[in-house]
Structure formats: C-alpha cells, structure tokens
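Dear colleague,

Please find below the structure that I am handing over to you. My notes on what was found in it follow directly after.

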Amino acid sequence: MLGKLTRWLRILGLDVKYSNELDDAELIANAKEDTRILLTKDLNLYRQAIAKNVDAFYLEGRTRTEKLANIAKKFKIQLNVDMTRSRCPKCNQEVEPIAKQKVRGRVKESTFKYYNEFWKCPKCSQIYWQGAHWERIRSTLEATKEKIGRKNKG
Ligand SMILES: [Zn+2]
C-alpha cells in the first residue's frame, strides 16, 4: 500500500524497509527486531503493534502530499532532496556520486549530453540524475511544505 511513499522517503534520505508480502505478525516482529517504526495505513495493524510495544505510526491522508506532510511533521523531516543523504528508491541503499564519464553508454545519449551530475546505487547499479521528473519532485515537496505551513498557522 505504501510502496510509492516508501520511494519518496528514501529519496529524502530515510532508511525505509518495505514489504507487501509479510503478514501482520511478521511485520510487527520485523519492526521489533530492527527497532524500526512501523508505518501503516491499517488501523488494526497499528493497534496490534502498539499493543506489542512496537513503535508505530498510523498514517492518515488521502493524497501523497497529505501523507508526506503528516510524516514530515511527525518525524521532523526536511522536505528537501539532498543527494548526499538520498537512498536508492528501489533498494534503500545510499547512493554514491559517479563520474560522468563512467555512465557513458549506460544512460541515453541525450541524458549523457544534457546532465553532468550522476549517482549510482552500489547495490542494484541503477544510475540516477536530476532529470525532467525532478521538477515534479520539487513541486510535490513545495506543495507539502505549504500544506504543513498552513496547518501550523491554524
Ligand atoms: Zn538500488
């Protein structure tokens, strides 16, 4: 359920595990073992976790910005992308800068020509750059900040 949100949180630099294959008991056991906070939209799962002394956060919000705003407020997350902290949206590994010359042939020629900064995930080898989709990421983060700002004013 929270797969998309997971990718957002990783880009923002949060260490997030995600699974849609585990049942409630397994999710709670894993969170306890890793001392992670269980993030869920499932009120029943949230209540079970709390009953078992697992730190949990019940995530409300209909839209992506509402959900992000609620998480950012709760965990005091900076809504700016800092690539030195960013994690691979696919596998949660911290990304590393990679020299432009090394990505030649691994990204489209137009991408190679147009962009100078690239990052690589050491685990899955995915190459990242702040491409056209980046504007959408920024505007979503700005919208989220605005939402938080409005609520804080009352
Ligand atoms: Zn990766």
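**The nonpolar cores**

Leaving out residues up to four places away in sequence, Leu5 touches Leu59, Lys67, Leu68 and Ile71, where contact means heavy atoms within 4.5 Å. Please note that this is a predicted model, in which local features need pLDDT of at least 70 and side-chain atom pairs count only at pLDDT 80 or more, while totals for chains, interfaces and linings use all residues. Residues are numbered from 1 along each chain as its sequence is written, and side-chain values use heavy atoms, with hydrogens and water left out.

Leu5 also belongs to the largest nonpolar core, which has 26 residues; Leu5, Ile71 and Val95 touch the most other members. A nonpolar core is here a set of buried Ala, Val, Leu, Ile, Met, Phe, Trp, Tyr and Cys residues joined through side-chain atoms within 4.5 Å. At least two residues of this core come from each of α1 (3-11), α4 and α6 (133-152). Helices (H or I, at least four residues) and strands (E, at least two) are DSSP runs, numbered from the N terminus. Another core, of eight residues, lies apart from the largest one and includes Ile28, Ala31, Leu45 and Ala49. In soluble globular proteins, nonpolar side chains tend to be buried together.

Leu9 is found in helix α1 and is buried, with a relative accessible area of 3%. Buried means under 20% relative accessible area, exposed over 50%, and partly exposed in between (1.4 Å probe, protein chains only). Beyond its neighbours within four places in sequence, Leu9 is in contact with Leu14, Val16, Leu39, Leu68 and Ile71.

**The zinc site**

The zinc ion is coordinated by the SG atoms of Cys88, Cys91, Cys121 and Cys124, at 2.2 to 2.3 Å. Donors are N, O and S atoms within 2.8 Å of the metal (3.2 Å for Na, K and Ca); water is not among the atoms, so sites may look incomplete. The arrangement is tetrahedral because the four donor atoms subtend angles of 99 to 121 degrees; four donors count as tetrahedral if all angles lie between 85 and 135 degrees.

Along the chain, the donors follow the spacing C-x2-C-x29-C-x2-C. Cys91, in the loop between α4 (64-75) and β3 (96-98), and Cys124, in the loop between β4 (118-120) and β5 (127-128), are 33 residues apart and link distant parts of the chain. Cys88 is buried at 0% relative accessibility and Cys91 is buried at 18%, whereas Cys124 is partly exposed at 34%. The structure holds zero disulfides, a disulfide being a pair of cysteine sulfur atoms within 2.5 Å.

Three strands form an open sheet in the order β3-β4-β5, with antiparallel pairing; two strands pair if DSSP finds at least two bridges between them. β3 and β5 stand at the edges with a single partner strand each, so one side of each has no neighbour in the sheet. Three bridges join β3 to β4, and Glu96 has Lys120 in β4 as its bridge partner.

The loop between α4 and β3 holds Lys76 and also Asn92. Lys76 has a positive phi of about 50 degrees although it is not a glycine, and Lys76 is exposed, with a relative accessible area of 70%. Asn92 likewise has a positive phi, near 75 degrees, but Asn92 is buried at 11% relative accessibility.

Yours sincerely

Key: Four donors count as tetrahedral if all angles lie between 85 and 135 degrees; four count as square planar and six as octahedral if opposite donors are over 155 degrees apart and all others between 65 and 115; anything else is irregular.
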